[in-house]
Every structure is written in C-alpha cells, then in structure tokens.
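Here is a model to question term by term. Each answer sets a value against its definition.

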Amino acid sequence: MTRKIIHVDMDCFFAAIEVRENPLLRGKPVAVGGSAAGRGVVATCSYEARKFGVHSAMPMGLAKRLCPDLLVLPVNMPLYKQASTEIRAIFEDYTDLVEPLSLDEAFLDVSEAGHFRGSATRMAEEIRRRIAESQRLTASAGVAPNKFLAKVASDWKKPDGLFVIRPQDVDAFMLDLPVRRVPGVGKVTALHMEKLGIQSCGQLQRLPLAELEFEFGSFGTSLYRLCRGIDERPVNTSRVRKSLSVEDTFAQDLPTLEACLLEIPALYTELLKRLERAREHQRLLPKALFVKLRFHDFVTTTVQIPASGLERKLYYQLCAQAWERGQRPVRLLGVGVQFEDPHLPEQLPLPLKT
Ligand code: TTP
Ligand code: MG
C-alpha cells in the first residue's frame with residue numbers, strides 16, 4: 001500500500017523563536033549558542049547569518065570572525081520546548097503516528113487520516129498555516145510516499161516552503177538526486193562513490209545489487225532500495241534510543257591527562273542522571289561505553305569498550321587510552337553509553353557449568 005508521509009522541519013528554529021521574542025532582531029544576523037568567550041558553539045543561526053558562512057556546530061569565535069555584526073544569544077531551552085510541545089499538539093490533530101526527530105522536526109504518517117478527504121498536501125498546508133498563526137514561526141514541509149523522500153522534500157523549498165513528491169514522480173525525481181541526500185551516505189561513502197564516478201542516485205541505480213554489496217557491505221543492500229526511492233521504514237511513535245552521552249567544552253583547555261581524569265566524575269554523574277531519566281521511557285541495556293576527546297586543534301577521537309554496566313573505572317581507562325592518541329591539550333571531553341537494540345530477542349544467560 002502506498003503511504004502518505006509528511007515531514008515538518010521548523011526554519012532556524014531556536015533563532016526564529018528569539019527573533020519572534022525580540023522583533024528588533026528581525027533581518028539581522030543572529031546566532032543562538034554558547035558565547036565566544038566561553039568557547040561555545042553555534043546551535044543555530046538566522047539566514048542572514050548563514051550568508052556569511054555561519055552554521056550549526058561552528059565555534060562561536062569563528063562565527064564572530066566571519067560575521068563581525070553577529071548578535072549572539074544564549075540558549076533558552078524551556079522556551080523552545082514550549083513551542084515544540086505546542087507544535088506537536090497540532091500534528092496530533094491529524095494522526096497518532098507522529099515520530100518526533102528533535103524539538104523542531106517530525107514525521108507524520110497520514111495514510112489513514114481523514115482530513116481533506118485524505119489529501120496529505122492539504123494537511124501539510126494547513127499544518128504550516130496553523131504553526132504560522134499560533135506560533136508566529138515558519139515551518140517547511142515535505143510530502144512523499146516514505147520518510148526518506150519526505151525529509152528530502154521538506155528541505156527542497158526551505159525556508160517557509162512545501163514540496164510534494166507524488167508516487168508517480170518518484171522515479172524521475174531520483175535520477176538527479178545527489179547521493180549525499182540518501183540517509184547513511186556521509187562524506188566517506190560519498191567520496192567512495194565519487195571514485196566510482198557516481199554522484200547521483202540515477203547513476204547509483206546502474207550498479208547491480210551484488211556490486212553495491214561488494215562496494216558498501218551490508219549498507220549496499222539498503223542503498224539498492226534507497227537510490228530507487230524505496231524506503232519502508234515505518235513512522236515510529238516512540239523512538240528507540242541507541243546511545244546517550246554527556247560532553248563538555250571547557251573554557252580553558254585541559255592541559256594534561258590528569259586534568260582530564262579530574263573531569264570524569266562530574267560528567268559521569270550527569271550521565272547517570274540522564275540515563276535514569278531516559279529509563280523512565282524505555283528499557284535501556286548498555287552494550288558499550290565510550291569516551292570522546294577533542295584536542296585543542298579539533299582533532300577528535302573516540303574509544304569504546306563492550307560493557308553491560310556503567311562502571312566508572314572503565315571511563316578512566318578509556319579516557320587514558322584516548323589521551324594517548326593525541327597527548328596534547330583537550331578542549332572537549334565526553335562520556336557515553338551505547339545500548340542494545342531492544343528489538344533483538346533477549347539473550348539467554350549461559351548456564352553455569354558446575
Ligand atoms: P535544524 O533543523 O538542523 O536547524 P534549524 O531549524 O535551526 O534550521 P533549518 O532552517 O535549516 O531547519 O535544528 C533544529 C534546532 O536544533 C536548531 O534550531 C538548533 C538545534 N540544534 C543544536 O542545538 N545543535 C545542532 O548541532 C543542530 C544541527 C541543531
Ligand atoms: Mg529546522
């Protein structure tokens with residue numbers, strides 16, 4: 001059965017909310033995030049700031065250099081959460097099948113929704129209008145037969161746009177779609193494809209399944225379908241958490257391994273706290289622990305170890321291992337845990353030999 005999926009993504013979400021709260025910011029380059037002095041990063045920024053090359057996750061100091069007039073605002077999370085909750089309530093007027101991806105983004109499966117005699121396009125239009133009216137914020141939306149294409153579509157006419165890919169348009173749409181748009185294709189895979197002379201999904205379609213699997217391993221199997229615009233992933237109402245982590249960028253570089261180790265207890269305590277909160281919603285079984293270090297020159301390294309519990313000792317060990325790889329001052333330190341896939345059947349404990 002063909003499905004009807006809507007993907008809604010708010011435009012410059014945090015920054016748009018700040019501009020709404022303070023109209024003097026309208027039309028100005030605005031960034032939300034940590035201050036340059038505190039060595040923070042940009043969470044997001046207005047389109048005026050993006051013109052200067054400022055983008056998410058960029059160090060604020062660099063953003064200020066690229067755009068000297070940049071207005072930097074601190075993150076006001078409760079305000080964004082409030083807007084997010086109200087927007088989600090709008091989605092739920094159309095379907096129970098809502099899968100939030102983040103505060104500002106969600107998939108809706110409206111295949112069974114009766115509004116507008118089932119027209120997903122009309123529903124998406126109305127959702128955008130209601131968000132604009134009630135929140136004074138703009139949203140972009142994509143409508144397509146699956147999640148992959150709905151997400152591509154919401155980005156197609158951003159900001160404040162709507163784009164629809166009908167089932168009969170999929171084949172033509174895929175031909176020129178850059179492979180980078182395919183979920184799971186990052187820099188490395190894209191480069192691999194480029195070396196094979198492949199830039200578009202149309203070109204990728206010419207590779208037989210066996211060749212895709214030879215070149216890209218198990219991901220090749222998914223690629224075979226994705227490059228044809230086929231994606232059967234359901235809209236999940238509750239997302240399964242794969243990992244949880246806590247990290248901190250320090251106002252001053254941590255000069256030595258000892259200094260890094262001293263930061264572990266605070267990060268560890270915070271991780272336990274967040275894990276406890278996350279466990280209120282789902283069963284989470286640790287399968288590995290990891291430590292992430294970013295050295296002062298932004299070189300980043302991650303080490304992990306299989307584990308079924310959050311042993312603090314292991315984090316010290318991992319931290320020392322990660323440090324060995326760089327042996328220079330550290331600007332960011334993170335600790336985290338990966339979880340078992342809850343859909344796998346539970347492993348039976350091996351009977352103890354007596
Ligand atoms: P995005 O949807 O990626 O970005 P955006 O809504 O700001 O801009 P766009 O118009 O391109 O959709 O992320 C949503 C919000 O999540 C964003 O406003 C800030 C926050 N965010 C972070 O805090 N850190 C990040 O690294 C990213 C990418 C987003
Ligand atoms: Mg967004």
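Contact means heavy atoms within 4.5 Å. Angles run from 0 to 180 degrees between N-to-C directions. The model is predicted.

Q: What makes helix H13 a helix that lies across strands, and at what angle does H13 run to S10?
A: Contact requires heavy atoms within 4.5 Å. Helix H13 (residues 312–326) lies across S10 (286–295), S11 and S12. H13 runs at about 40° to S10.

Q: Why are S9 and S12 called paired?
A: Pairing needs at least two bridges. S9 and S12 (residues 330–339) have 8 bridges, in the antiparallel sense, so they count as paired. One bridge joins Leu-254 to Val-330 in S12.

Q: What makes S9 and S11 the edges of the sheet?
A: The open sheet has 4 strands in the order S9-S12-S10-S11, with antiparallel pairing. S9 (243–254) and S11 (300–306) each have a single partner strand, so one side of each lacks a neighbour in the sheet. Neighbouring strands are turned by 15° against each other on average, direction ignored.

Q: Which strands does helix H12 touch?
A: Helix H12 (residues 257–278) packs on the sheet and touches S9 and S12. Its direction makes about 145° with that of S9.

Q: How do you know that the length of H5 agrees with a helix at 1.5 Å a residue?
A: H5 (residues 120–135) has 16 residues, so it should span 22 Å. Its end C-alpha atoms are 22 Å apart, which agrees.

Q: Which residues of H5 are called buried, and what covers them?
A: Buried means under 20% relative accessible area. Residues of H5 that are buried include Met-123, Ile-127 and Ile-131. Their cover includes strand S1 (5–10) and helix H4 (77–91).

Key
Residues are numbered from 1 along each chain as its sequence is written. Chains are lettered from A and ligands numbered from 1 in the order in which they are written. This is a predicted model: local features need pLDDT of at least 70, side-chain atom pairs count only at pLDDT 80 or more; totals for chains, interfaces and linings use all residues. Side-chain values use heavy atoms; hydrogens and water are left out. Helices (H or I, at least four residues) and strands (E, at least two) are DSSP runs, numbered from the N terminus. The expected span of a helix is 1.5 Å times one less than its number of residues. Buried means under 20% relative accessible area, exposed over 50%, partly exposed in between (1.4 Å probe, protein chains only).
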